Amino acid sequence: MKMKRIYILAILVFTTQVLFAQVEFKTIVSKNKLGVNERLRIEFVVNKQGADHFVPPSFTNFKIVGGPSSSVNQSWINGKSTYSQAYIYIIEPKREGEFTIQPAKIEYKGKIVKSNKVKITVTKAIEIPKDPNNPNYIAQQNIHLVAEVSNLNPYVGEGIYVVYKLFVSENISVNDWRVSDSPQYNGFWNQDIEVKNINVRKGSYNGEPYRYIILKKAVLIPQRSGKLLIEPIKMDFSVGIPTGRGDFFGNMITRNIKYSTKSTVKNITVKALPEKGKPIDFSGAVGEFNFKVEANKNVLKANEATQIVVEVSGRGNLKLFDIPKITTPSELEVYTPEHKEQVLTSLNGLRGSIQDSYTVVPQFKGKYKIPAVTFSYFNPKNKKYHTIKSKDIIVNVTEGKELFSNNGNSYSIDKQQVVANDNNFRFIALKTKLKLKNKEIFLNSTKFYLLLLLPFLAIPIGVIIGKKRAQRAGDVFGNKIRKADRLARKYLSEAKKQLGNHEAFYIALEKALHNFLKAKLYLETSEISKEKIIALLQNKKVDESSINEFMDVLNNCDLARYTPTTNVLMKQDFEKAKKVITNIDKQL
């Protein structure tokens, strides 16, 4: 009975020790339900000292606005020790919905421990009580992101612009900022305008004096009618909020906080182009344009080229429509046009010119007319369509072959394939293709005797090559030297490829040096030592400077594998190794 009690007591003590030895890793949140405009504090707490390699979850659907930070709490009460370490984040939801924050991971005594999952419900934005002393409220009242749009009701194809400005009152200071989410322009052709210098300017916001900077400019051209949205730009700031207290010298003490805000969504109502009065050849040009068709030469010879340029210039959606094409008589050979654009982008839209340049080559003497071309566009200012017609171009070919009909009128010929049948005469052949009737006989020819003797010549050559291979295969020591030489070249090439990869580079470089020595000094791997290397090189009459350089590179390989280094030092070691191998190779 006594032994039974002892067994039970031992089992209880063992079980208690096992329970105390268990590690506990849990996720704690400040709240499980919050508005989309609120923030959440989340902690990952482990109760054992020695836990390491903490890996947070991905925080999908949330944005990290604070952290990570850590805290350690250790106490000893009534002979019992407690320990906890927390990894803390402040996160902000990106949208409404129910989300699950996946477990974090940590390593304890070689094993991976996971925390628990947490479900978070994100509701619509809630009204936050306005506390005039709340730093976030102060930042909200003094920082404003504004999107200014030139026209909220444009036509399809009419250019507008948007300018994003940051207004900051003189009551606070902004120390740093970054764009966390750039706007999307769905339904618009868009092009950013570079903001070269960010200069602080003075202005007003809601009638109060503010400082502002221009963050971003873009030209937008709507591609379809209806309701389109210009999404907001989102930014994160480091803001200095006055505390109302001064330092010893009377300067205001400020408190830095992180603050995020965004501009408002802009609704654009795009008008469709009117159907009334729309020309048949209208290709989508919207703006104010000029149009011309010109030839650089109107008088030329047959097979002499002229350039015909079709150009549209002015202000509007120059990159978004096709230039009219010219039509030419069949006697004029026309090449694919060369397209050129000289277009500048500014807040006033696109302006400049686009053109197609045709190379035209006449084939026969005569006068040829290239018909006039029309170009139509819509002007949003007067809300009307306009059509510009070019002039006819006359190409006068003064020299060349003539092509006339019997009545003296010029005509063109369409080239067609001649189809022959039993009822047609064939054209007379102007060139002959004669073939020898009697061919050279192969038997008893020079080629015959060469092929006959070829096997007898191949047999002794094969015997000689076989003996050489057998002799080379039997040379065990020589093969080892040749193999070491190949390995030295291989590893030196491998080291060059691994430049930038610290450990792999020095391993390859060290192998190259060792195999070079094996090839030149006839060493086995087991025989390599620094003292023996120096002695053998000295016996081979290698100069001391080369020996010292070789040993320096070898020592660098040993040392650099376990210490930090840079790409520059690796490249220097590689070049030094190449140089010393070349120097020693010349002396051996």
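In what order do the three strands β4, β8 and β9 form an open sheet? In this predicted model, the order is β4-β8-β9, with antiparallel pairing. The edges go to β4 (52-55) and β9 (111-114), and each has a single partner strand, so one side of each is left without a neighbour in the sheet. Ignoring direction, neighbouring strands here are turned by 25° against each other on average. Strand β8 (residues 105-108) runs antiparallel to β9, and four bridges join the two.

Between β27 and strand β30 (residues 393-399) the pairing is antiparallel and spans five bridges. Lys369 finds its bridge partner in β30, namely Ile394.

On to the charged side chains, where the count comes to 15 salt bridges. One of them joins Arg39 to Glu92, with the closest N and O atoms 3.3 Å apart. Arg39 sits in the loop between β2 (33-35) and β3 (40-46), while Glu92 belongs to strand β6 (residues 80-93), so the pair ties together parts that are 53 residues apart in sequence. As for accessibility, Arg39 is partly exposed at a relative accessible area of 28%, whereas Glu92 is buried at 17%.

Lys63 and Asp236 make another salt bridge, their closest N and O atoms being 3.3 Å apart. This pair links distant parts of the chain, with Lys63 in strand β5 (residues 62-77) and Asp236 in strand β18 (residues 234-246), 173 residues apart. Lys63 counts as partly exposed at 22% relative accessibility, and Asp236 is buried at 14%. Both pairs belong to a network of salt bridges that links Arg39, Lys63, Glu92, Arg178 and Asp236. For Arg41 and Glu43, the salt bridge has its closest N and O atoms 2.9 Å apart. Arg41 is partly exposed at 36%, and so is Glu43 at 21%.

How far can the model be trusted? The average pLDDT is 78, and 80% of the residues score at least 70. Over residues 12-20 pLDDT stays under 50, and the model has two contacts beyond four places in sequence for this stretch. Residues 410-420 also stay under 50, with 13 such contacts. Where pLDDT is low, the predicted coordinates should not be read in detail.

How values were computed. Residues are numbered from 1 along each chain as its sequence is written. Side-chain values use heavy atoms; hydrogens and water are left out. pLDDT is the predictor's confidence in each residue, from 0 to 100. Contact means heavy atoms within 4.5 Å. Two strands pair if DSSP finds at least two bridges between them. Axes are lines fitted to C-alpha atoms, for helices over the stretch in contact, and angles run from 0 to 180 degrees between N-to-C directions. A salt bridge is a side-chain nitrogen of Lys or Arg within 4 Å of a carboxyl oxygen of Asp or Glu. Buried means under 20% relative accessible area, exposed over 50%, partly exposed in between (1.4 Å probe, protein chains only).
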